[in-house]
Amino acid sequence: RPHSRPWHPGARTMFLLLLPLLAMAHGLDELPHKPKPSMASSTLGGLTTSSTFTLEQPRCIFTDLQDDVVIWLVVAVPEAVRNFNNSVRPGSPERQFQKFPTSALAYMTLNTTLLNYPCPKPPGEITVLRVGSETSCAEDNTRPTCNGPLPGPGPYQVKFLALMDSDPVAETAWSDPITLRTARQLSSIPATGSGRSAGMIALTSILSILFAVLLAVLVAMLVFCGSNACGGSGSFSKPEAVTVRRYNTHHVYDQPAARL
């Protein structure tokens with residue numbers, strides 16, 4: 001009967017090869033879609049620098065998972081987002097910070113258990129993640145999950161990935177592209193009003209020099225006058241002693257009227 005015929009050896013081999021891929025795809029489909037990561041509140045200031053940016057912690061996002069689940073932050077260039085493989089282990093050559101973004105288009109960092117992201121957060125508590133804040137491990141290949149400074153202005157995209165024993169169980173969506181600050185070159189500064197600015201700079205410099213010279217002359221005059229060379233001998237003569245005459249007070253007594 002047709003259903004009892006043995007499989008062709010080639011078909012069985014192909015099925016065995018496709019079985020892990022089908023299981024992996026099924027697992028990725030089961031990952032719940034969550035809100036995408038967001039930048040921290042603008043009231044904090046310094047959300048982006050030339051090598052760092054600040055995110056809100058993923059509070060109240062992975063609420064249906066066990067407490068021992070490990071949450072990772074994935075940082076990637078936009079080219080890696082479309083075909084990103086969640087099953088690649090953190091710290092592997094494809095996810096190593098020291099190789100980002102040349103041979104590794106993404107890396108994983110800031111791993112912590114769900115217990116460190118309690119929900120809801122206490123009122124008034126600042127719950128942010130500073131991405132790119134570690135400088136000590138940037139060149140240390142023994143720490144492939146280093147939260148090192150970002151190598152350029154980007155743009156970058158990030159997401160949070162929850163792993164249970166290295167298996168992906170939940171994830172957020174990818175963030176919007178994040179672009180870091182860049183220092184402006186002198187040649188890129190507009191030339192509008194440059195003549196007036198140069199004149200003001202020159203005038204300020206001249207006035208500063210004149211003020212310094214005037215101050216030096218004033219100090220020199222004070223020193224010169226204090227060294228007995230300015231007006232008079234510089235010595236003080238002792239004032240003459242003041243002689244005060246002593247007068248004896250004569251007491252006048254009333255004389256009897258008979259003697260007058």
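Tutor: Let us begin with two residues, Glu171 and Lys159, which are both buried, a word that means under 20% relative accessible area, with exposed meaning over 50% and partly exposed in between (1.4 Å probe, protein chains only). This is a predicted model, in which local features need pLDDT of at least 70, side-chain atom pairs count only at pLDDT 80 or more, and totals for chains, interfaces and linings use all residues. Residues are numbered from 1 along each chain as its sequence is written, and side-chain values use heavy atoms, with hydrogens and water left out.

Student: What do the side chains of Glu171 and Lys159 meet in?

Tutor: Side chains of opposite charge can pair when their charged atoms come close. Here the two side chains, Glu171 and Lys159, meet in a salt bridge at 2.6 Å, N to O, the term being used for a side-chain nitrogen of Lys or Arg within 4 Å of a carboxyl oxygen of Asp or Glu. This pair links distant parts of the chain, since Glu171 is in strand β6 and Lys159 in strand β5 (residues 157-164), 12 residues apart; strands (E, at least two residues) and helices (H or I, at least four) are DSSP runs, numbered from the N terminus.

Student: How many salt bridges does the structure hold?

Tutor: The structure holds four, including one between Lys36 and Asp176, whose closest N and O atoms are 2.7 Å apart. Lys36 lies in the loop between α1 (9-30) and β1 (53-56) and Asp176 in the loop between β6 (167-171) and α2, so this pair ties together parts that are 140 residues apart in sequence.

Student: Is Lys36 buried or partly exposed?

Tutor: Lys36 is partly exposed, its relative accessible area being 43%, and Asp176 also counts as partly exposed, at 47%.
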